[in-house]
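Take a look at the structure below. Then follow this short report from strands to core to interface.

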Amino acid sequence: MPIVKNVTCPICGTFCDDIELTVKKNKVVDVKNACAMGEAKFLNYSDPHHRNLNPLIRRNGTLVETSWTEAIKKSAKILAEASYPLLYGWSSTCCEAISAGIELAEEIGGVIDNTSSVCHGPSILSIQDVGISTCTLGQIRHRADLIIYWGSDPYSAHPRHLERYTAFTEGRFQPSEWKRYVSRLRGVIGKKKLERASQLALMEEFSVPPITGNQFPPTLETEKERKLIVIDARRTHSAEFADYFVQVEPNKDYELLQAMRMLVKNEELEVEKVAGVPVGVLEKIVDVMIGCKFGVLFFGVGLTMSSGKLRNIDAALALTRDLNFATKFVIMPMRGHFNVTGANMVSIWQTGYPFSVDFSQGFPFYNPGETSAVDILSRDESDAALVIASDPVANFPRVAAQNLVKNPLIVIDPEKSATALMADVVLPSTFVGIEAEGIAYRMDGVPLPLKRVVKPPKGLLSDEEILRRILREVRKLKRSQRRSNA
Amino acid sequence: MQKMKVTLLSGRTINQGTGKEHGKTSQEYYESVAICEVDTNDLDALGIKDGANIKVSTEFGSIIVKAKESIRGPHPGIIYMPYGPWINAVANPTTHSTGMPSFKGIHAEIEPATSAERVLPLHELLKQAFGKE
């Protein structure tokens, strides 16, 4: 059976490029190196129960099969006739398709927004305000001796991030945290056994002790191996791997970040606790941060979605800047989808702005809060939408999703997503990275190729091809309109 | 009926991640997403059993999901729901002019669901919310 090596995984921003797939009769039958999400995708993507295999169109309230010609014509008509159409999604497709999408948005005078507006949009706004000190994941892997995850649970959202780039990887110049974690784990298992025995003897309830203790490890400052600190509103799975876990009260990240900035600048805090964290502990953490050789702060949507939003990121970026007066420190957003960074990149190349770009005035206009998808939908401003490679009906707040569904809705998606089920036209596409090639950007801005591993089912087109066909049809419609006007 | 004021967080879980790759219409997705993780002591205080139905209400709406005893505790007064259509029935759409709704740190109330209230599967939830099938 042919084994395809070095496959990139089209799921999360970690964008692993070492997956090995065994292919039998044009089907993936075995997956090596991937995480649980990667394996679930490669083994289940072709399940016909959850897949769109024919173009669909809504007639008398139900979706029925139709021809490609009719589906493309109908889509082009909806978009060409709309006065303020919204083109949303883009983060789970390749750069080539995004490029075609921006051309289409310009042609129809619509708004094009990618999923970063509900993910790390606030981070981008803040980076534009403050600036960012960052690097590639390879640098972090080989050199970073202090890793901090803030408002991010890599175990759940980027399962191989810890193993490939941070705490558990052996860098060329930096040993991993692995040994220390294993010895901590042994201690906990021993404790569990003892407690289990006493529970059996006394018939009493027992609780499993967390691997990461509540006491700040006294030797952390002097450890040579990589150190891992997790800061979050609840003890996430990733916190179990950490040397120390800090539980911050929800919506109080900004206070904690600013308090840390004060400590970095040698100022005194005249309170006992900040955001539920004792100042004594905070001082020790700041000492570890200043004392490290190369520190990195990864932040997730725990910061961008909580109260303060972009202001939280302002404080995190400023903290990193302050730390660079004492040591080397970098910061990186934990981007969600495998090509959300690419969506920002392509948008910047072609329009000058990373997301939420409005072409309704004939030139690109950018003002998140006004031209971002959720705001446009919540205010009920758009009169048609095209959704590609994302599922806003499942992931937008109810009022925004209702206004999206109310108007004509075109969906380009290989899967029967909640949005596809609510659509007026469904255009089934191939899975990029499995059935189609392309380029995508990893979370640190490194472009990598997506492979075609198997042949797509007959009759399905790639995202880019579908968009180009709609674009051609829109141009044809506009030409005939101009002629009839003349 | 006894109610409890809590802070609602939403986010990813590894089960939600694998569930969505099985397909949005799959049983795996439904089971991993239509849930609410609650602190053990808070569940006891409300008299809700692990796996029973729980009603989560905010000023934006209310939803019935399965209560799950949190293994990520203790986090008294905090409840956690994975991303998906169920949390979005109660999520805060306010963006404060940033484009980003407030998906985390939402004021909410929890209470045991009555026997007539059940967790809606995806198709029924969509039909109820959007009137389409």
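## Paired strands in chain B

In which sense do strand S3 and strand S4 of chain B pair, and over how many bridges? The pairing of S3 (residues 53-58) and S4 (residues 61-69) of chain B is antiparallel, with six bridges. Keep in mind that this is a predicted model. One of the facing pairs puts B:Lys55 opposite B:Ile64 in S4(B). A hairpin of two residues links S3(B) to S4(B).

S3(B) also pairs with strand S6 (residues 106-112) of chain B. This pairing is antiparallel too, over four bridges. Here B:Ser57 has B:Glu109 in S6(B) as its bridge partner. Strands of a sheet pair through backbone hydrogen bonds, in either a parallel or an antiparallel way.

## A parallel sheet in chain A

Chain A holds an open sheet of five strands. Their order is S10-S9-S8-S13-S14, and the pairing is parallel. Which strands stand at the edges? They are S10 (244-247) and S14 (328-333) of chain A. Each has a single partner strand, so one side of each has no neighbour in the sheet. On average, neighbouring strands of this sheet are turned by 15° against each other, direction ignored.

S9 (residues 227-232) of chain A pairs with S10(A) in the parallel sense, over four bridges. There, A:Ile231 stands opposite A:Val246 in S10(A).

## The largest nonpolar core

In soluble globular proteins, nonpolar side chains tend to be buried together. The largest nonpolar core in this model has 193 residues. A:Ile148, A:Ala316 and B:Ile79 have the most contacts inside it. Helix H3 (residues 95-108) of chain A gives the most to this core, with eight residues. Why does the core lie between domain 1 and domain 2 of chain A? Both domain 1 (48-118 + 338-485) and domain 2 (121-333) give residues to this core, so it lies between them.

What does A:Ile148 touch, leaving out residues up to four places away in sequence? Its contacts are A:Ile229, A:Ile231, A:Val296, A:Leu297 and A:Phe298. A:Ile231 is also the residue opposite A:Val246 in S10(A).

## Where the chains meet

Chain A brings 57 residues into contact with 45 residues of chain B. Several helices of chain A give two or more residues to this side, including H1 (36-44), H4 (121-130) and H14 (373-378). H16(A) gives the largest share, six residues.

What kinds of residue make up the side of chain A that touches chain B? By class, 26 are nonpolar, 20 are polar and eleven are charged.

Conventions:
Residues are numbered from 1 along each chain as its sequence is written. Chains are lettered from A and ligands numbered from 1 in the order in which they are written. This is a predicted model: local features need pLDDT of at least 70, side-chain atom pairs count only at pLDDT 80 or more; totals for chains, interfaces and linings use all residues. Two residues are in contact if their C-beta atoms, placed from the backbone, lie within 7 Å. Ala, Val, Leu, Ile, Met, Phe, Trp, Tyr, Cys and Pro count as nonpolar, Asp, Glu, Lys and Arg as charged, and the others, Gly among them, as polar. Two strands pair if DSSP finds at least two bridges between them. Axes are lines fitted to C-alpha atoms, for helices over the stretch in contact, and angles run from 0 to 180 degrees between N-to-C directions. A nonpolar core is a set of buried Ala, Val, Leu, Ile, Met, Phe, Trp, Tyr and Cys residues joined through C-beta atoms within 7 Å. A residue is buried if 20 or more other C-beta atoms lie within 10 Å of its own, exposed if 12 or fewer, and partly exposed in between; C-beta atoms are placed from the backbone. Domain bounds come from an automatic or database domain assignment.
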